[in-house]
Structure formats: structure tokens, C-alpha cells
Amino acid sequence: MADPVSVVRPERYGQPVEPAAFGIVEKPLSAWERLGNVGALRKLALLVVLALAWEGYARWLGNPLLFPTFSATLAAFAEAVASGDLPGKAWTSIKVLLAGYAAGILCAGTLTVVAISTRIGTDLLELLTSMFNPLPAIALLPLALIWFGLGYGSIVFVIIHSVLWAVALNTHSGFLAVSNTLRMVGRNYGLSGLRYVGAILIPAAFPSILTGLKIGWAFAWRTLIAAELVFGVSSGSGGLGWFIYENKNQLEIPAVFAGLLTVIIIGLVVENVIFRTVEARTVRRWGMQS
Amino acid sequence: MRGVTLQYKTRDHLVTATYRVDFQVFRSDRFILLGPSGCGKSTLLKAVGGYMSPVEGEIRLKGGIVTKPGPDRMMVFQEFDQLLPWKTVTENVVFALVASGRLAGAAAVEKAREAIAKVNLTKFADNLPHTLSGGMKQRVAIARGMAMEPDILLMDEPFAALDALTRRKMQDELLQLWDDTRFTVLFVTHSIPEAVRIGSRILLLSPHPGQVKAELNSLPRDRMESDPGALQALEKKIHSMLFADIVEPEVQHG
């Protein structure tokens with residue numbers, strides 16, 4: 001090829017075709033491709049593979065006392081559900097969980113609003129989170145038992161502790177990350193105080209708030225089940241943790257697995273149905289998260 | 001006619017952005033703040049917006065001293081992220097009206113529709129901001145500013161982040177809108193052609209710290225088209241005034 005010397009070239013003009021003239025070119029996806037695009041289906045396939053691996057390993061091991069098969073667990077699960085024992089226990093747990101979760105979010109919200117409106121509030125939040133966030137909620141349980149007695153109050157207290165710091169920390173960092181332009185827009189409208197927080201900061205920080213809520217939810221579950229395991233020794237009105245503990249004592253190992261399975265199923269539903277829906281309706285729709 | 005009187009004097013910060021700047025904007029002015037980067041023109045605009053207060057001197061709007069941001073001075077920012085991402089185009093405009101207490105309910109929606117129609121975005125009224133192009137977002141921001149009917153519209157290089165073609169189009173649209181409603185606008189830019197095209201009066205600022213260099217009248221718009229020579233002469237004049245002190249030290253260095 002010759003050296004690319006700039007030569008005088010004639011001008012050229014194209015004749016754009018009307019868009020209507022060439023129509024829409026589309027290539028239909030194959031059935032496999034379409035199925036593969038459904039996230040729920042891909043996850044379901046993974047679940048089936050995991051269940052098969054469980055079943056295979058348990059059969060090879062052949063020790064139902066240590067590691068029951070998937071089918072035995074399912075049978076125990078179906079039995080416990082049919083007798084109404086498991087749903088009742090699960091409901092007890094969820095009630096306590098929701099109460100603690102809601103109270104924790106409320107506390108976190110109050111603390112964060114104070115933290116963004118005053119400098120001393122920021123210091124307080126930073127100090128408190130660095131002090132209490134590393135403290136496992138379950139370590140407070142003995143203290144809670146003395147303060148609130150055996151039962152509802154103590155468990156709600158430790159759940160609040162486990163939810164509060166995770167949510168507050170995420171919400172606060174979300175508020176700090178809100179773009180300066182959006183803040184100025186809000187103030188331009190003459191918004192201030194709680195209206196400013198509610199109308200501008202919370203939606204703008206929603207991606208981080210949602211992360212905080214998810215982490216808080218997981219922490220709350222862990223704390224709840226752990227607390228119920230401790231409680232099981234002396235209290236009869238336990239939830240899922242108590243169900244697991246009780247069945248372990250009776251060496252009903254498939255039922256223990258069924259209890260754990262319930263915890264897992266509730267976790268999956270909350271994460272993949274509730275949080276996923278909230279996410280799709282908010283941060284994804286708004287283009288703040290892809 | 002003492003519509004909007006705006007006296008701005010002196011800012012003496014730790015970093016002095018502008019030093020003893022004063023000017024007056026009258027109603028229906030298209031007042032341009034023009035200067036190289038570092039002349040504090042954006043800072044000036046923020047001060048007028050009420051986001052920062054002057055260390056020396058004062059800013060007055062219709063006789064009252066400006067102390068904090070408010071909906072009587074709507075701001076159009078340079079950034080594309082000035083729309084609330086969780087609201088559609090219409091909702092963004094409506095929310096501005098409702099939040100500031102200007103209008104409520106159906107009246108706000110009606111007003112928002114009108115403003116959106118004026119910037120030719122009716123087709124996209126129910127879109128969320130992230131589905132719009134940069135130019136469209138800026139148009140929504142302008143519609144929002146105009147729907148609020150502020151005493152003065154503050155524009156901080158609203159077209160700077162747009163490509164040249166879109167920018168030119170937006171400038172024409174802005175002038176058309178002005179023909180319709182004759183709003184008062186304070187416009188910050190660093191582009192001389194933009195200043196000359198859009199402005200009716202141009203304040204030239206020198207950099208580090210910003211000080212008034214001149215306050216010029218731009219050409220009437222019909223003359224701009226009929227007499228390109230005069231337009232070029234004006235641009236050249238502004239250019240030489242702005243760059244006068246920048247060139248000299250360089251010559252001395254050499």
C-alpha cells in the first residue's frame with residue numbers, strides 16, 4: 001500500500017433511506033436461549049444440582065444419624081409441615097424477627113437522621129458503630145436475659161442490636177454519597193429538615209439503604225436462630241431454633257435438617273422475592289443500579 | 001423598572017474566588033457572566049443561588065438580601081444528574097412545584113405539562129431520567145426552572161457538557177423560550193460565542209481572583225444575522241480583553 005498521503009478527494013454524498021423502508025430486522029432467540037435468560041430458572045437448575053449432590057453423598061455415606069439423605073429430609077419436612085408443628089414454630093420466629101427488625105430500622109433511621117443533621121451526631125454514630133458493630137449480638141444475650149427475662153423481650157433486644165448498626169452504617173454512608181448537585185436541587189426547592197431527608201436523601205441513597213436492609217435481615221435471622229437455640233433449654237415456647245434443638249435431643253436428625261431447610265427456604269424467599277421485587281421497582285427502574 | 005436588582009460585592013475567602021465584583025441585573029435581562037476558568041463565575045452564581053454567603057458585600061434580590069437557597073432563584077446545573085432519578089420527567093417538574101409550595105395537585109401537573117411542552121418533550125413526559133439523552137435532561141431542567149417562574153433563572157454552564165451540535169440547538173431553543181416568556185436569566189459560560197449568542201448583556205471577569213473587567217452589551221439578535229462582521233468584531237474584542245493579561249507574562253518569560 002502507498003503511503004497515506006493526504007490527497008484531495010472528491011466530496012461524496014449519501015442518500016439516507018427512510019427508516020420505514022428497511023423495516024425491522026429481528027432474529028428470534030432459540031428456546032434454550034430464552035429459558036437461559038430467566039434468572040429464576042438458572043437458579044432453580046443450580047438448586048437441583050445441589051440437591052442431587054446432597055442425595056448422592058448421603059447415600060454413599062450411608063449414615064442417616066450423621067447426614068440424612070435429601071429425600072429423608074424432605075419426608076421429615078413434609079411430616080412436620082403436615083402436623084402443623086413446623087409452620088407454627090416458623091411463624092413464632094418470624095413474628096419475633098419482624099418486631100425486632102422493624103424496631104432496629106426505626107432506631108437506625110433516627111440515629112442516621114441525627115447524624116446527618118449535626119456534626120456531634122455524626123461523631124456519635126461513628127463512635128457507637130465502631131464500638132458495637134463488632135460485638136456479636138449473641139454475646140449480649142446473657143445480659144438481656146437479666147434485663148428483660150426469658151422470652152420475647154430479650155430476643156427482640158438482641159435482634160435490634162444486630163440490625164441497628166449494619167443499617168445505620170450503610171444508610172449513613174449512602175447519605176454521604178448523595179451527589180452534591182442533587183442536594184443543591186433539593187435546597188433550591190426550599191426543602192429542609194425531615195422533608196429534605198425524606199424527599200431527597202432517602203431515595204437518592206436508596207441503593208446503600210437497601211444493602212443495609214439486606215445485611216440487617218441476614219444478621220437478624222442468624223441472631224434469632226442462635227438465641228432460640230440457647231433459650232430452648234429452659235423455655236418451651238421456642239421458634240425454629242427450638243424446633244432444631246428439640247429434634248437434635250431426640251436424635252430426629254432428618255427433622256433437624258428439615259428445620260435448617262426451613263430457615264434456608266425463608267431466606268431464599270425473602271432475598272429472591274421480596275428484596276428482588278423492591279430492587280426492581282426502585283433502584284433498577286431508576287437506573288441507579290444495573 | 002426596578003424588577004430584579006442584584007448587587008453583588010466582594011468575596012474575600014481564604015481562597016479569594018472573586019474580589020469586589022458588582023453588577024446589576026434588570027428584569028428580562030439575559031445576563032452573562034463570562035470569563036476563563038478560575039474567575040469565580042460559578043462561585044458567583046452559587047452565591048446568588050444562596051449556597052454560600054459573601055464575606056464582604058451583599059447580594060440583593062428585589063431589595064431583600066439573599067441568605068439561603070430558595071425557589072425564587074431556580075438553578076440549572078451543568079451536571080446531567082440534577083434530575084431526581086426516581087421520578088419521571090413530569091414528576092420531576094411537578095415535585096419541584098409541590099415541594100416549594102408554589103402549586104399543588106392538578107394545577108401543578110397542568111403547569112408541568114405546559115413547561116414540558118415548551119421544551120418539546122411531551123413525548124417523553126413519562127420517561128425516567130436515565131432513559132433520556134444529556135440534551136433532553138438539560139431541557140427538563142430548564143423546563144423545571146421555568147415552570148417555577150422564579151424571579152431569576154440561574155444557569156451554570158448548562159450546555160457545557162453537550163456536544164457542539166446539540167449545544168447549538170439548545171442555545172436556539174433557549175432564545176426562543178425567552179422570546180415567549182421574557183424571563184430573567186443569569187447565565188455562566190466560558191465560551192465567547194455562546195455568550196455573544198445568548199446574552200443581552202455580558203459581564204467579563206478576569207481570573208485569580210475574579211474581578212470585573214467590563215460590562216458590554218451584546219448585539220441585537222437581528223443584527224447578528226445581517227451583520228456577521230460586527231459579530232466577529234465583538235467576539236474578537238472580548239477575546240483580546242480576556243486574554244490580554246495572559247499573553248503578556250508569557251512573552252516576558254520567553
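Modeller: Gladly! This is a predicted model, where local features need pLDDT of at least 70, side-chain atom pairs count only at pLDDT 80 or more, and totals for chains, interfaces and linings use all residues. Residues are numbered from 1 along each chain as its sequence is written, with chains lettered from A and ligands numbered from 1 in the order in which they are written.

Biologist: Where is the place of Ser28(B) in chain B?

Modeller: Helices (H or I, at least four residues) and strands (E, at least two) are DSSP runs, numbered from the N terminus. Ser28(B) sits in the segment before strand 1 (30-34) of chain B. Although not a glycine, Ser28(B) has a positive phi of about 70°.

Biologist: Does Glu157(B) count as buried or exposed?

Modeller: A residue is buried if 20 or more other C-beta atoms, placed from the backbone, lie within 10 Å of its own, exposed if 12 or fewer, and partly exposed in between. Glu157(B) counts as buried because it has 20 C-beta neighbours inside 10 Å. Ser28(B) has 15, so it counts as partly exposed. Glu157(B) also has a positive phi, of about 40°, without being a glycine, and lies in the loop between strand 5 (152-156) and helix 5 (164-181) of chain B.

Biologist: How many residues of helix 2 of chain B are buried?

Modeller: In helix 2 (residues 89-99), 8 of the 11 are buried, so this helix is largely enclosed by the rest of the structure. Among them are Val93(B), Phe95(B) and Leu97(B). Just after helix 2 of chain B, Gly101(B) takes a positive phi of about 80°.
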